[in-house]
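Try each task before reading its solution.

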Amino acid sequence: MAFENDGKPVPNMAELATRAREIQTEMQHELQELAKKEYNSIVVAGQVKVKMTGNFTVNEVYISPDYLPTHTAQQISDAIALAFNNCKYDIDRERQEIVTRYQQLSNETVMRMLGQNSGKTGTDN
């Protein structure tokens, strides 16, 4: 028998825990897929390129032979760092989008199971 709190039934905690585990598993799966994805950054008009996976493994760094003799070591280093950081930014942004989406799903699930998202507005009685 479910006890009531302020006239609302108490949610089934086992059901809530099961759904939370399902959501966590779905999120982990998406994050694992993100880790397998390849990200590319091309800077200085295609002269420097970096390829990186979603788990930040750098697979390739390309520097055009035409770029090397016309730029200093510092400029080349800066271009590589820029390309690397562009990839990292894209990965971090996508990872955050995944986590945020699942946090929202978790919150909506809890609210629905608590009966607080019944479609009523603050003006309904």
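**Surface and overall layout**

The protein chain has an accessible surface of about 8800 Å², with 53% of it belonging to carbon and sulfur atoms (Shrake-Rupley method, 1.4 Å probe; for residues, only the protein chains shown count as cover). This is a predicted model, where local features need pLDDT of at least 70 and side-chain atom pairs count only at pLDDT 80 or more, while totals for chains, interfaces and linings use all residues. Residues are numbered from 1 along each chain as its sequence is written, and side-chain values use heavy atoms, leaving out hydrogens and water.

**Exercise 1.** Find the order of the elements along the protein chain.

*Solution.* Then read from the N terminus: β-β-α-β-β-β-α.

**Exercise 2.** Work out which residues of α1 are buried, and what they pack against.

*Solution.* First, locate helix α1 at residues 13-36. Next, pick out its buried residues (under 20% relative accessible area, 1.4 Å probe, protein chains only): Leu16, Ile23, Met27, Leu31 and Leu34.

**Exercise 3.** Decide why threonine 53 counts as buried, then list its neighbours.

*Solution.* Begin in strand β4 (residues 48-53), where threonine 53 lies. Threonine 53 counts as buried because its relative accessibility is 12%. Leaving out residues up to four places away in sequence, threonine 53 touches Ala35, Lys37, Glu38, Tyr39, Asn59 and Ile91.

Note on methods: Helix = DSSP H or I, 4+ residues; strand = E, 2+ residues; numbered from the N terminus. Buried < 20%, exposed > 50% of the residue type's maximum accessible area, 1.4 Å probe, protein only. Contact = heavy atoms within 4.5 Å. Expected span 1.5 Å × (residues − 1).
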